[in-house]
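Visitor: I would like to learn how to read a helix and a sheet in a protein model. Please take one feature at a time.

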Amino acid sequence: MPRRKRNACSSSDGTEDSDFSADHTDSSESDAHAAKNTRLTRSSLRLSQSLQDSSPVGNSSALASDEMNFSTRRVTRSQQQGEPVAARKSEIPLRQSGSEAERHGEVSDRDAKQVADQDESPPRTPTGNAHSSESDIDMSSPNVSHDESLAKELSLRESSLAHRPKRRRFHESYNFNMKCPTPGCNSMGHLTGKHERHFSISGCPLYHNLSADECKVKASSRDKHVEERTLTHSQEENRHSTRHQAPVERQLRYKEKVTEMRRKRNSTPVKEHKEKCVEHRQAHGSSREPLLENITSDYDLELFRKAQARASDDLEKLRLQGQVTEGSNMIKTIVFGRYELDTWYHSPYPEEYARLGRLYMCEFCLKYMKSQTILRRHMAKCVWKHPPGDEIYRKAAISVFEVDGKKNKIYCQNLCLLAKLFLDHKTLYYDVEPFLFYVMTEADNTGCHLVGYFSKEKNSFLNYNVSCILTMPQYMRQGYGKMLIDFSYLLSKVEEKVGSPERPLSDLGLISYRSYWKDVLLRYLHNFQGKEISIKEISQETAVNPVDIVSTLQSLQMLKYWKGKHLVLKRQDLIDEWRSKELKRGSSKTIDPTALKWTPPKGT
């Protein structure tokens with residue numbers, strides 16, 4: 001009986017069970033084959049005898065005929081598969097004892113149940129695969145080759161999975177319709193040179209007038225430059241407090257090299273370059289980046305290309321992490337007055353507005369809407385033409401309004417949400433009551449248009465005169481940022497305090513403040529006629545924090561430690577350079593202290 005069980009439970013790959021094969025290891029292959037044929041002959045005789053003895057039984061004859069037909073079907077399939085017929089085994093037990101009719105009746109019943117089960121649902125093997133028919137279980141022989149067994153297993157898996165619907169994997173459905181929006185681009189390559197495909201304009205080589213191979217070459221050169229800088233910095237690790245020391249010889253040589261490269265550029269583009277730019281703009285319009293060659297020096301252009309590649313790489317990482325995807329809750333553009341602005345960062349607008357991708361805003365009351373129709377209806381009945389609050393400064397078309405966050409809470413919250421679209425480190429959105437907002441506007445015949453703003457705490461323990469500052473993108477690089485900074489220090493002078501901006505500053509904010517501190521110090525030194533100067537006196541007159549003054553002097557290399565004292569060097573070359581720029585700039589974008597009509601607020 002144990003052998004009968006092992007024979008019935010053959011393995012799913014078409015070979016006999018290992019335990020059954022182990023019973024025959026003590027004899028040769030020829031003896032095993034002969035004994036097997038003998039057993040098959042005896043089983044055939046017993047089968048015929050059992051058919052004769054089992055005639056009184058109810059439906060045993062029908063089952064026997066089904067068994068014979070099923071055996072014939074097994075032989076036919078074996079012939080189609082090219083396997084030897086002599087190696088087939090019957091499901092009848094090899095050794096029997098007792099009444100032949102009872103034993104055959106049991107076997108026939110079991111076979112009938114297996115056939116019925118096979119018709120309803122295919123049984124599973126230990127590996128989880130379904131058999132196509134019962135003959136696949138019984139056709140096991142040690143003479144079957146390994147290749148035939150593998151082919152048989154593959155056919156079994158295909159037949160078992162044929163009735164199942166094919167499921168599309170997630171990444172296939174995700175990338176099925178994704179392509180670059182640039183006309184004529186096949187989405188191959190990437191601006192960073194590190195990816196094989198791209199799906200946005202920021203990573204499109206064709207949009208940036210480059211090829212995929214050129215992007216890879218530029219990427220290798222950037223990596224090489226980074227390795228060289230890393231090696232150089234590792235060699236200079238033994239230098240202590242490098243922030244406050246004078247530049248080394250290598251840095252001075254590099255600075256001279258950059259200065260020479262910037263001098264070599266042509267100040268005015270040649271005629272052929274202008275014609276080429278016009279042809280490029282007419283041929284591609286806004287679907288391609290304008291030609292940037294000969295606009296600035298090669299050094300500055302390469303810096304701009306590196307910044308583009310780095311930003312594109314960051315966006316690609318966010319896309320792969322799933323933080324930036326198609327349909328994500330990030331506002332891409334806003335319609336603000338007569339401008340359409342591309343956003344830079346995420347802002348926590350309500351989800352029903354953020355998922356739209358485009359937002360429409362009233363430039364006077366800063367209410368945000370979902371469509372152009374709603375905005376048009378709102379503008380027809382909106383009575384606001386300037387920010388709420390008190391107008392404390394006016395000169396020409398420039399005005400500044402002081403808005404209390406406690407009195408005009410909705411306006412200040414909308415202003416903070418708008419500012420977060422262009423600021424990375426801003427965290428204040430809804431708790432606006434402890435702050436005052438100073439909004440700068442530019443007036444025309446339609447109203448006072450928002451230029452920028454800064455906020456400050458009503459009671460600052462550390463004497464911060466600015467908590468958050470923003471210049472709208474359409475007014476950047478026009479001098480309005482310095483006007484906002486100058487106005488904040490003007491308020492500190494009226495309060496008779498020394499002010500400083502709240503840290504950390506954004507990248508653009510840090511650049512603006514450093515430029516402002518430089519202008520203030522050079523103007524003070526230009527007008528200073530004495531021989532001894534004090535940091536404290538500069539701070540009291542300009543309302544700039546002494547720490548900011550010292551850091552600016554160090555960056556200008558105008559502070560030197562000599563014989564136990566700190567000396568301020570009056571560098572006439574920097575003063576003359578600043579004076580020439582000041583004359584070219586004019587006085588149109590400056591704050592006039594006489595135009596301020598304001599008294600410091602008392603408490604909260």
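This is a predicted model: local features need pLDDT of at least 70, side-chain atom pairs count only at pLDDT 80 or more; totals for chains, interfaces and linings use all residues.

Visitor: In which helix is P546 found?

Guide: Helices (H or I, at least four residues) and strands (E, at least two) are DSSP runs, numbered from the N terminus. P546 belongs to helix α19, residues 546-555.

Visitor: Which residues is P546 in contact with, leaving aside neighbours within four places in sequence?

Guide: Contact means heavy atoms within 4.5 Å. P546 is in contact with V498, I535 and S539, once those neighbours are left aside. V498 is 48 residues from P546 in sequence, and their C-alpha atoms are 8.7 Å apart.

Visitor: Which residues of α19 are buried?

Guide: D548, I549, T552 and L553 are the buried residues of α19. They lie on the same side of α19, because they cover an arc of only 135 degrees around the axis. The arc is that of the directions from the helix axis to the C-beta atoms. On the other side of α19, V547 and S555 are exposed. The cover over the buried residues includes α16 (480-495) and α17 (507-527).

Visitor: What is found just after α19?

Guide: There Q557 takes a positive phi of about 55 degrees.

Visitor: In what order do the five strands of the open sheet come?

Guide: Two strands pair if DSSP finds at least two bridges between them. The order is β5-β6-β7-β8-β10, with antiparallel pairing. β5 (390-395) and β10 (468-471) are the edge strands, each pairing on one side only. From one strand to the next, the twist averages 20 degrees.

Visitor: How many bridges join β7 to β8?

Guide: Ten bridges join β7 (residues 435-444) to β8 (residues 447-457). H449 in β8 is the bridge partner of E442.

Visitor: Which strands does helix α15 touch?

Guide: Axes are lines fitted to C-alpha atoms, for helices over the stretch in contact, and angles run from 0 to 180 degrees between N-to-C directions. Helix α15 (residues 409-420) packs on the sheet and touches β6 (398-404), β7, β8 and β10. The direction of α15 makes about 80 degrees with that of β7.

Note on methods:
Residues are numbered from 1 along each chain as its sequence is written. Side-chain values use heavy atoms; hydrogens and water are left out. Buried means under 20% relative accessible area, exposed over 50%, partly exposed in between (1.4 Å probe, protein chains only).
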